[in-house]
Amino acid sequence: MRNTRDTQLLFELSKAGRRAVELPACDVPQEPIADLIPARLLATCDLPLPELTEPQLVRHYANLSTLNMSVDTHFYPLGSCTMKYNPKRNERLAALPGIVDLHPYQPDESLQGLLALLYGLQEMLSEIAGLDAVSLQPAAGAHGELTALMVAAAYFREQGERRTKILTPDSAHGTNPASASMCGFDAVTVNSTSAGFVDLEDLKQKLDDQVAVFMITNPNTLGLFDPYVRQIADLVHERGGLIYLDGANMNAILGVTRPGDFGTDMMHYNPHKTFSGPHGGGGPGAGPIAVTAQLEPYLPSPTIVKKGNGADACYQLDYDRPRSIGRVRSFFGNTGVLVRAYCYIMTHGPDGLRRVAENAVLNANYLLSRLQPLLPVPHGPRCAHEFVATALTLKQQRGVTAMDVVKRLLDFGYHAPTVYFPLTVKEAIMVEPTETESKETLDAFAETLRQIVDEPPETLHAAPLMTPVSRPDEVAAARKPVLRWREAEQPSQVEG
Amino acid sequence: MNPQELLYAKTHEWVYLAEEGGTQVATVGISAFAVEALTDLVYLDLPEVGRTVTAGESFGEIESVKAVSDLYSPLTGEIVAVNEELREALEKLGEDPYDAGWIVKIKVSDQTGLDQLMDHAAYEKLCEEEQA
């Protein structure tokens, strides 16, 4: 069934003279190119572009697209990424001509529908966060982190303070210390306790008047809600610092608790996770941030504001923000994914969002219970929206690693869970089923894993056996990457 | 070098102390246990010769297909040599961690950090605990 001929590289499929389009004769006067561009800048030969027909091109890409896994085709329990199903309804609504046919340079008066929608989203995100103000500009979660840290830096500058440090727990997403560093702060790691929570003693030791922000993920990357989060916030606030919440795991607490209620000063959302926007190929993500009233003046410019009420209401882009850190993204941010988030939140309503969180937590706990006899969960027996199992025993007894186990899952039609993260768990396998999976899917997944852990180690080391590519050489890819195709380097015969 | 005779930091660096021209020079690398735990290595960020380092401070980074980890200086002093050959031959860290896989040499300026280092037996015990 698999078409390996049409999935060769376009360069390999190329035949001189093939075309996918035929252009009509040019009906505007032509100038010789040499009269327009200095001769020294002109290429001396034609560009070596591949030449193909339209059906060849369509077959090439259509076949390549079937070699992938996606939430539309497979269970995708990729921990930390909240790969929930993306409702098709949101796609349809986000594709309405009233949204996609707008031009960002249109006057505000002619964009009222979209501005009303984005204003509504700001309000809803503010309510869900329990925080006062929102900026929709950041283009991704990590961009939201950076933007919020810039907001914090501006705040401290106005206070006449020069704070230099950002604290992050050792289980944090790598983006947290990276954002701190990008923003000119020193990132300092705070240890976790063996129970998986922030070590309060270590925090107290590292907390001083140089700490600008403590960045916390709650529930954390072990899938645990830190019961001391209020105490942590108090400790940081007492020393004049701010609390940043990495909102990657909001799916566990939607409508159950609000970050603002447990002491958060600023946070980002990942609408492509929590609010079902597509990841990757389906379009870019977004990373809107929410902050307290105290930090609102520093939010990126412009924000979307509402003037007047009822029939007189109108929406404007407010550039009159003298203390703002300025723009961090052109136009209104990644509007497409924001529209999908708006549709998702409106579809569910407050009670529906709470049910999303409850079912995400229920699904994760059910799967945890089924998997624990096969792969121990060191921070179990309960979790929030995800959990981290370990293949350490399997490695010690049979030489089978976390990587071997999850690679084998691909052969059975499951996307591999996240592995080797967080670093605080050895041979980590991080599983997040999300609320959109049925009990039958979870049972089938658990049953497959039960089979896999009993398979011969040789089979598992070689897995995956049924995918088009088995195990890429990651070391060679990192150390000696081949970044461009060259004819001379290719074998004359291509297999397939 | 004989791993039995080296000193070790909690963060898995090994140290070989020697007298060279009246000053104490520490050769530093990472233990076989650390290389094994890091898995396949892809990148090593080495410091400049002449840089001063403090015990417990990061002097470089090592990246594997799994993660990026800091390399911590076990002692205080000045970097007097860097194993440039590792840049193109990271596999030496795994094949020969205690000889060809040395990373830096530090001219030790004071004894800070020395009392934190452990002998081979104590280090083995630490590795066993981490493995459990």
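## Helix α15 of chain A

In this predicted model, helix α15(A) buries Leu442(A), Asp443(A), Phe445(A), Ala446(A), Thr448(A), Leu449(A), Ile452(A) and Val453(A). Buried here means under 20% relative accessible area. An α-helix has 3.6 residues a turn, so residues three or four places apart point the same way. Read the buried set with that rule in mind: it includes Leu442(A), Phe445(A), Leu449(A) and Ile452(A).

The helix runs over residues 439-453 of chain A, 15 residues in total. From first C-alpha to last, α15(A) reaches 21 Å. That is close to the 21 Å expected at 1.5 Å a residue.

## Strands β10 and β12 of chain A

Strand β12(A) has a partner. It pairs with β10(A) in the antiparallel sense, over four bridges. Within this pair, Val388(A) stands opposite Met430(A) of β12(A).

Strand β10 covers residues 387-390 of chain A. Phe387(A) and Ala389(A) point one way. Val388(A) and Thr390(A) point the other way. In a regular strand the side chains alternate between the two faces of the sheet. Are the residues on the two sides of β10(A) buried or exposed? All are buried.

## Chain B: fold and dimensions

Chain B holds three helices and nine strands. Along the sequence their order is β-β-β-α-β-β-β-β-β-α-β-α. The radius of gyration of chain B is 14 Å, close to the 14 Å that the globule rule gives for 132 residues, so chain B is as compact as a globular protein of that length. Along the principal axes, its C-alpha atoms fill a box of roughly 40 × 35 × 25 Å.

Of the 132 residues in chain B, 43% are buried. Take the contacts in chain B between residues at least 6 apart in sequence: 59% of them join residues at least 24 apart.

## Where chain B meets chain A

How many residues of chain B are in contact with chain A? The count is 15, against ten residues of chain A. About 940 Å² is buried between the two chains. Carbon and sulfur atoms give 54% of this buried area.

Three residues stand out on the chain B side: Val42(B), Lys66(B) and Gln131(B). Together they supply 46% of the area that chain B buries against chain A, more than any other three residues.

Note on methods:
Residues are numbered from 1 along each chain as its sequence is written. Chains are lettered from A and ligands numbered from 1 in the order in which they are written. This is a predicted model: local features need pLDDT of at least 70, side-chain atom pairs count only at pLDDT 80 or more; totals for chains, interfaces and linings use all residues. Side-chain values use heavy atoms; hydrogens and water are left out. The expected span of a helix is 1.5 Å times one less than its number of residues. Buried means under 20% relative accessible area, exposed over 50%, partly exposed in between (1.4 Å probe, protein chains only). Two strands pair if DSSP finds at least two bridges between them. The radius of gyration is taken over C-alpha atoms; the globule rule is 2.2 Å times the number of residues to the power 0.38. Contact means heavy atoms within 4.5 Å. Buried area is the accessible area (1.4 Å probe) that two parts lose on being put together, summed over both.
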